Protein chains: 2
Amino acid sequence: MWMVGGFAGKVLRVDLSRGETYVDGLNFSLVKSLIGCLGVASKIMLEEVDPDVDPLSPKNKLIYATGSLTGSTAPAANKSIVVSRSPLTGIWGESVFSANTGIELKRAGYDMLIVDGRAEKPVYLWISDGYVEIKDAGGFWGMDTFSACESIKRDLGEKRAAVVCIGPAGERFVRFASIISDNGRAAGRCGLGAVMGSKNLKAIAVKGSRNIEVANPDLLNEIRMEIIEITKESMKAFSDYGTSRGVVAFEEMGNLPVKNWTRGRFPGAEKISGIRMAETILAGRKACFACHIACGRYVKLSEGPYAPLEGYGPEYETVAALGSLCMNDNLEAIAKANDLCNRFGIDTISTGATIAFAMECYERGIISKEDTGGIELRWGDPEAIIRLIELIGRKEGFGAILSEGSMRAAEKIGRNAERYAMHVKGLEIPMHSPYRFKEMGLQYAVSERGACHLRGLSMLPARGILLPDLGFNRKLDGFTIEGKAHLVKVMQDVCRVVDSLGACKFVYLFGGVPLRRLADLYSAVTGWETELKDLLRAGERIWMLQRIFNVRMGVRRRDDTLPKRFLEEPMGDGAARGHVVELEPMLREYYAERGLDEEGRPRREKILEMGLDFATKYIDW
Amino acid sequence: MWMVGGFAGKVLRVDLSRGETYVDGLNFSLVKSLIGCLGVASKIMLEEVDPDVDPLSPKNKLIYATGSLTGSTAPAANKSIVVSRSPLTGIWGESVFSANTGIELKRAGYDMLIVDGRAEKPVYLWISDGYVEIKDAGGFWGMDTFSACESIKRDLGEKRAAVVCIGPAGERFVRFASIISDNGRAAGRCGLGAVMGSKNLKAIAVKGSRNIEVANPDLLNEIRMEIIEITKESMKAFSDYGTSRGVVAFEEMGNLPVKNWTRGRFPGAEKISGIRMAETILAGRKACFACHIACGRYVKLSEGPYAPLEGYGPEYETVAALGSLCMNDNLEAIAKANDLCNRFGIDTISTGATIAFAMECYERGIISKEDTGGIELRWGDPEAIIRLIELIGRKEGFGAILSEGSMRAAEKIGRNAERYAMHVKGLEIPMHSPYRFKEMGLQYAVSERGACHLRGLSMLPARGILLPDLGFNRKLDGFTIEGKAHLVKVMQDVCRVVDSLGACKFVYLFGGVPLRRLADLYSAVTGWETELKDLLRAGERIWMLQRIFNVRMGVRRRDDTLPKRFLEEPMGDGAARGHVVELEPMLREYYAERGLDEEGRPRREKILEMGLDFATKYIDW
């Protein structure tokens, strides 16, 4: 019998206030019940971060965890999971991305890194196998993310190290600051870059030299070949055109957000699509570790107002947020805006959504050039978008107000501006329309981290992407609300599973991979015989722990809602014309599915039934 | 900063009843407070083995732990620690030995192995890095230890695997059955081989492929060279003549046990000494892993009644137990008896002491040839000794009674025989005279596992082996009782430290190594800056946890005593002539030193003061 492959077995703790680092063993009993470090991190956050801990205080924790399959040769299982209390939402903050740092961390012998406290001056962490050093980052402070990553590697003399870092935005506590990896990926959402900034932590650099052991390499390889075989065809559009492959189709089906969610039609859709990108500015494709799809884009502008530019290209969410949502159909400007967001280290979704909010306020006369410092915020003006990104990234002028995120910016602006701030619990709405897919409306309302598309992807069955292993073996109707509570619940659980395993949702949920193969992969890597139903039960447990965390932070039924626009203003045009989101009945059903009481609080008996006895310590209802 | 070198970070659990194996993370917080796995094992035994668990029941646990320095290049740090509830004493059972299995276990990624349950049929464990298998041992059952180790390696096709196993005695639950390693070392005391037998576990085979990381290799190497430099001179007698180097001197000073502790003079001392061994049967020296001393003996008999014999030679304890204690001055017979004990897998100390007890009973007419099955048990008769060893090893005839140990054998024999059974709490007295070194009397009375010389070695300062770092910087008088309670307490604590680190007591306590270098070694390996006083405090904690375990098992003041002979019968001849052990006043002082109440139970406030809050759960006094 092979024993627990895939894990390194140790947890590295760093207290920046004391300048101390500390190692602990991974509790494998807990890992087994929660299938990985995402669940363990959820328990640690519950235990160690109280509601009175401000997200930007030294007492907040930043957890950098690895997926259970991360670093194995399971296809596209390369994710890192960053967790903290979010400065943007004040609740569960989490972002999952494909940084090589996670793979190196596991190779260095750690499944998780927990950062506590605040360094007196800017520092970065250097982890090389057992060697851990808190190093001076004074020379890198103020640098943009890509320069900082490269400079730190040069400073260390370690080309093979993997680095994640924050840009000027994180240093200045922009509430939607991101963490950027040297392989061009962003932990964008929830402002975790600001948490790093509040800790005076510029970067984390890691190099490991061990192999990650796998329980059953032959079985792993067999499943790997099968998944590659299935997905190399089914995911071809991702390879060829990246994640923005579907902009035109989305516009046609009424899924693309336009003009701060007031419209469904966008004439410029074709001009910003992945197909157009491939025909114009695309210079290459970028694959994450152990991925055969390579949906990442690499773009190059040699002429025009945004040249020269060479670097990672925009994803679908970015294209929509900085494009159609702001009525911008200039792909080169979107590429430039994306590059700026990455260099400053700010989330492109929240950035685009906050700019769209500002544009609507400007159009409605709620703000004027006096407020914006002279910038005319006309819909679709690429110069205005780029100027605002620079101001947000530096937290200067009007950018300082927007850098608080749309919810807080609306409060500061006043004059009913909150009506146009499109967020749930402070997190800006991502780029899939809840008018078109009602399940996305429910999902946004109840997602663990505020409005999130990735913690559910519940529109898949209505888009004809079936998941028979979950019981979704026929195409659903996105416009109806029947059965959507169950759909959202199951899709959330499976997304918690995929995140926990460190796997890519595109490959595993879009590509037609039988989901039971996820369980087989997990069995092959860990050596623990596991079925899909076991994984899903663990996914439900993880969701529940995060819900308990959120309820402790004050989340109640009133917060499980959507911007009034979605509830009250029917969509004006396009395929979803005339629709609003009928949230209430879905929400009621959903609470019953989840075992929540009328206020949205997990019932004690449900917690016990799920085997989460320890968590009852943290409920006082 | 380097993080926790020396540890693998994982704990392997095997449930033989269910056929399941399981991995957990090492709790480094606990390790730090207890400086290693001996302390962690103590906590696990407290938590998981209740007083109602019979030592030979499937519910008893067998813990195979490694020392904190084990497997590093720290000189002579190569020990494995086996822990269980002892079938011989019913209390804390522990044995420390230099098996390579421990080093391989750590290289395979585990700091400890915890075995639970009972296999349905004979099995052995095969651990190769992450691969763990419970394998059929039917073909090896009944084999002697050396044959079994070799056969298992052949069966696995793994010459480089390290194996420990039990012999026929362990299989048959001889209460002082040992565990023998393929490098010829014995975990002799407390009958842990019978615990393996009760679990149907013939052997544990391990092979690991990882390097054991060390925090500061340069510092480690510097200390290593210093220790080698110091000890290569001071330990020369150990190299040349082995541990029985001092038989003649011991006899002269009154330390050698003779004729079941009734005498001090032994005319045959010279004939069984290490010097004589070197002149006659010695064929080579054997070093444990990373030891430059090589006190282990390898002997060869080519002629005479015990030829042919080639193998590991007897240690001092064996030479005395099977020699002077039984009035036997035939070195070749001792070598044969030692080889038989190892092959059957029985502890040479308990074996010799139980045979001496039987000889005294025979002399006194308490037993006769009818009881012994025709064997005349005349003092010093090598044939009788060898015959009894064979009967004990096979649990046949009179051997079946002796195989229960001297305490239980005396009960079965009755007729006041217990007066001549020389044990404390069931564990037979080792070979250093409490008449000559009163501190050894106290030490035997209060040692964690019953009469033990190695959990204290408190006679060192009276033998002129000074330990200035512990405050013992002048030669003490072994015949007095003043200050001996403090001496025993401190020496017990330092022995807990040395055991916990997996270091060799000979090299570190006999060789003149400044003891603060132990702390430096620990710091260099783990990366945790540690001073000697921190180590000693941890040593005290470990002792206390084991005391709590023992008190839960029923140990009280009445058990902290010595055989009446030592208390009441003055030594008849030799250097200690006229002496008895004045135990009571030493014991009273010792209880005060340790924070025990008048019944010998640890006081709650003492436990809390030591930072062992969790342990108060296990006290009901």
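In this predicted model, the cover over the buried residues of helix α7 of chain B includes α8 (236–241), α21 (505–510) and α22 (516–526) of chain B. In chain A, the domain assignment gives domain 1 (10–207), domain 2 (237–421) and domain 3 (428–618). A search of the whole structure finds 120 salt bridges over all chains.

**Helix α7 of chain B**

- The helix comprises the 18 residues 217–234; at 1.5 Å a residue they should span 26 Å, and the distance of 25 Å between the end C-alpha atoms agrees with this.
- The buried residues in α7(B) are B:Leu220, B:Ile223, B:Ile227, B:Ile228 and B:Thr231.
- These residues lie on the same side of α7(B), because the arc that they cover around the axis is only 145°.
- An α-helix has 3.6 residues a turn, so residues three or four places apart point the same way.
- On the face turned away from the buried side, α7(B) carries the exposed residues B:Asp218 and B:Glu233.

**Domains 1 and 3 of chain A**

- The centres of domain 1 and domain 3 of chain A, taken over C-alpha atoms, are separated by 26 Å.
- In the contact between these domains, 41 residues of domain 1 of chain A meet 37 residues of domain 3 of chain A.
- Domain 1 and domain 3 of chain A bury about 3,400 Å² between them, and 68% of this area is on carbon and sulfur atoms.
- On the domain 1 side, A:Ile35, A:Leu46 and A:Arg189 lose the most area to domain 3 of chain A, together 23% of what that side buries.
- Three salt bridges are found across the interface of domain 1 and domain 3 of chain A.

**A:Phe479 in chain A**

- A:Phe479 is placed in the loop between α18 (438–446) and α19 (484–501) of chain A.
- With 22% relative accessibility, A:Phe479 counts as partly exposed.
- Leaving aside residues up to four places away in sequence, A:Phe479 touches A:Tyr435, A:Arg436, A:Lys438, A:Ala575, A:Ala576 and A:His579.
- A:Asp339 is 140 residues from A:Phe479 along the chain, and the C-alpha atoms of the two are 36 Å apart.

**Salt bridges in chain A**

- A network of salt bridges links A:Glu94, A:Glu448, A:Arg455, A:Arg496, A:Asp499 and A:Lys505.
- The side chains of A:Arg455 and A:Glu94 form a salt bridge at 2.7 Å, N to O.
- A:Asp15 and A:Arg18 also meet through their side chains in a salt bridge, at 3.4 Å, N to O.
- A:Asp15 is buried, with a relative accessible area of 18%, whereas A:Arg18 counts as exposed at 61% relative accessibility.

**Salt bridges in chain B**

- B:Arg557 and B:Glu584 form a salt bridge in which the closest N and O atoms are 2.9 Å apart.
- B:Arg557 lies in the loop between α23 (532–552) and α24 (564–568) of chain B, and B:Glu584 in helix α25 (residues 583–594) of chain B, so this pair ties together parts that are 27 residues apart in sequence.
- B:Arg557 is partly exposed, with a relative accessible area of 22%, and B:Glu584 is partly exposed, with a relative accessible area of 40%.
- The side chains of B:Arg558 and B:Asp559 meet in a salt bridge at 3.8 Å, N to O.
- B:Asp559 counts as partly exposed at 24% relative accessibility, whereas B:Arg558 counts as exposed at 60%.

Conventions. Residues are numbered from 1 along each chain as its sequence is written. Chains are lettered from A and ligands numbered from 1 in the order in which they are written. This is a predicted model: local features need pLDDT of at least 70, side-chain atom pairs count only at pLDDT 80 or more; totals for chains, interfaces and linings use all residues. Side-chain values use heavy atoms; hydrogens and water are left out. Helices (H or I, at least four residues) and strands (E, at least two) are DSSP runs, numbered from the N terminus. The expected span of a helix is 1.5 Å times one less than its number of residues. Buried means under 20% relative accessible area, exposed over 50%, partly exposed in between (1.4 Å probe, protein chains only). The arc is that of the directions from the helix axis to the C-beta atoms. Contact means heavy atoms within 4.5 Å. Domain bounds come from an automatic or database domain assignment. Buried area is the accessible area (1.4 Å probe) that two parts lose on being put together, summed over both. A salt bridge is a side-chain nitrogen of Lys or Arg within 4 Å of a carboxyl oxygen of Asp or Glu.
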